[in-house]
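Work through the exercises below with the sequence and the 3D view open. Try each task before you read its solution.

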Amino acid sequence: MSGVPSDAAAAARAPRVVVGVNGESGSRTALRRAAAEARHRGAELWPVLAWQAPGSVLCARRAPAVALPAQDWQELARGTLLTTLGEVFPDGAGVVLRALLAQGHPGRVLVETADREDDLLVVGAGHRGTLHRVLRPSVSRYCLAHAGCPVLAVPPSPLEADLAAAHRRNLWRLRLDTRSFAEETAGPAAS
């Protein structure tokens, strides 16, 4: 036998950047940042989408009347993962990509996947209002508290914040205040 490691042994030792993906805009930002970190470190990119089976606490909160077999939930999760990867990396990620679909609580799955000291775990920090924090516990907080490797919490991009504000304004059918826009574009008044 030669001293050349097998592909499995090489993959086991390769540096990894593990990133949580859920299809939302904040996770897309985290995925882009994780890819940049993986390229910079010469690491593999491991996007992970954790899904929960019907009857779990999270699923019961979101849609208590929906009764789908676990296989259908898994296929929905797979579709979300593939769609997100396709949207974020239409021309490829530029790094070795090992996507993972796992059943369980997202925070726990991410911490268990990023189980080496030299891993980097990337999560989206998201906008956290009081009501949102009560209804959906923070995956990023869980990861920061329990991970055995460095964790990078990526805030949402300013563009996403602007889009979210516009969405809320449209949802509530609020009028756009055009006075401030007119003042900004007019510049200083000529005397």
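Buried means under 20% relative accessible area, exposed means over 50%, and partly exposed lies in between (1.4 Å probe, protein chains only). This is a predicted model: local features need pLDDT of at least 70, side-chain atom pairs count only at pLDDT 80 or more, and totals for chains, interfaces and linings use all residues. Residues are numbered from 1 along each chain as its sequence is written, and side-chain values use heavy atoms, without hydrogens and water.

**Exercise 1.** Find the buried residues of α2.

Solution. Next, go through its residues. S27, T29, A30, L31, A34, A35, E37 and A38 are buried. Finally, step just past the helix: G42 has a positive phi of about 65°.

**Exercise 2.** Describe the largest nonpolar core.

Solution. Take the term first. A nonpolar core is a set of buried Ala, Val, Leu, Ile, Met, Phe, Trp, Tyr and Cys residues joined through side-chain atoms within 4.5 Å. The largest one has 24 residues. V17, V19, L31, L45, F89 and V122 have the most contacts inside it. Then ask where its residues come from: β1, α2, β2, α4 and β4 each supply at least two. A second, separate core has 13 residues, including V48 and C149.

**Exercise 3.** What does the charged end of R16 sit over?

Solution. Apply the cut-offs: NZ of Lys or CZ of Arg must be within 6 Å of the ring centre and within 35 degrees of the ring normal. The ring belongs to W46, and its centre is 4.6 Å away from the charged end of R16.

Notes
Helices (H or I, at least four residues) and strands (E, at least two) are DSSP runs, numbered from the N terminus.
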